[in-house]
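Please read it alongside the coordinates.

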Amino acid sequence: MTTVCHRPEGLEQLEAQTNFTKRELQVLYRGFKNECPSGVVNEEAFKQIYAQFFPHGDASMYAHYLFNAFDTAQNGSVKFEDFVMALSILLRGTAHEKLRWTFNLYDINKDGYINKEEMTDIVKAIYDMMGKYTYPVLKEDAPKQHVEVFFQKMDKNKDGVVTLDEFIESCQEDENIMRSLQLFENVM
């Protein structure tokens, strides 16, 4: 059985499309190839890699949603280009780009809206990922309460769904969210 290896497009092209230097891209590529020697990662491998960061919880559902956000072609695999484009937005994108990416993560069915079911699924996945060792211990209805607060704040016209515009507007009004978007800007 032969393994098809994926080689990324030229570094110059990726450098032009991202907020990374050529040197940073080389370092990222080495790390990516180390974890994914074939040059692509499927969802199962992605889940295994992600699970290492959350040993006390079950990160599989959140990793599933994250994988779908990275898999922009929706073909079941993430290439280095997909990975580095998302990383560029998350680490060095504008606040607007980060919010748009986050909205896409939460919009599970990709219909352009976040409904309560999608938000509940994401929140439950985050709680599962954090595990039973969160402090203080979370009550059983914590995800439901979290979603209610989210919708009270975000659903400006009270139609039961949050649009991209409502999401961005609400996030920009919240100092804590805007501060958290800047946390990782100087990671590399």
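How is Glu148 to be classed: buried, exposed or partly exposed? Glu148 is partly exposed, at 29% relative accessible area; the classes are buried for under 20%, exposed for over 50% and partly exposed in between, with a 1.4 Å probe and protein chains only.

1. Basis. This is a predicted model, in which local features need pLDDT of at least 70 and side-chain atom pairs count only at pLDDT 80 or more, while totals for chains, interfaces and linings use all residues. Residues are numbered from 1 along each chain as its sequence is written, and side-chain values use heavy atoms, with hydrogens and water left out.

2. Salt bridges, the count. A salt bridge here is a side-chain nitrogen of Lys or Arg within 4 Å of a carboxyl oxygen of Asp or Glu. The rule gives seven salt bridges. Three of them are described in the points that follow.

3. Glu148 and Lys116. These two residues form a salt bridge, with 3.3 Å between the closest N and O atoms. The pair links distant parts of the chain, as Glu148 belongs to helix H8 (residues 142-154) and Lys116 to helix H7, 32 residues apart. Helices are DSSP runs of H or I with at least four residues, numbered from the N terminus. Lys116 is partly exposed, with a relative accessible area of 31%. Lys116 also lies over the face of Phe151, 5.6 Å from the ring centre; the criterion is NZ of Lys or CZ of Arg within 6 Å of the ring centre and within 35 degrees of the ring normal.

4. Val123. Helix H7 (residues 116-130) also contains Val123, which is buried at 2% relative accessibility. Apart from neighbours within four places in sequence, Val123 is in contact (heavy atoms within 4.5 Å) with Pro143, His146 and Val147. Val123 and His146 are 23 residues apart along the chain, and their C-alpha atoms are separated by 7.5 Å.

5. Lys22 and Glu12. In this salt bridge the closest N and O atoms are 2.7 Å apart. Lys22 is in helix H2 (residues 22-35) and Glu12 in helix H1 (residues 11-17), so the bridge ties together parts 10 residues apart in sequence. Lys22 is partly exposed, at 33% relative accessibility.

6. Glu24 and Arg92. The side chains of Glu24 and Arg92 meet in a salt bridge of 2.8 Å, N to O. Glu24 lies in helix H2 and Arg92 in helix H5 (residues 80-92), so this pair ties together parts that are 68 residues apart in sequence. Glu24 is buried at 15% relative accessible area, whereas Arg92 is partly exposed at 24%.

7. Aromatic pairs. Rings of Phe, Tyr and Trp (its six-membered ring) pair if their centres lie within 6.5 Å; planes under 30 degrees apart count as stacked, over 60 as edge-to-face and the rest as tilted. There are 15 aromatic pairs by this rule. The rings of Tyr50 and Tyr62 have centres 6.2 Å apart and planes at 35°, so they form a tilted pair. Tyr50 is in helix H3 (residues 43-51) and Tyr62 in helix H4 (residues 60-70), 12 residues apart. Both tyrosines are buried. Ring pairs also join a cluster that includes Tyr29, Phe32, Tyr50, Tyr62, Phe83 and Trp101.

8. Cysteines. With a disulfide taken as a pair of cysteine sulfur atoms within 2.5 Å, the structure holds zero disulfides. Cys36 is buried at 6% relative accessible area, and Cys171 is buried at 3%.

Definitions and conventions:
Helix = DSSP H or I, 4+ residues; strand = E, 2+ residues; numbered from the N terminus.
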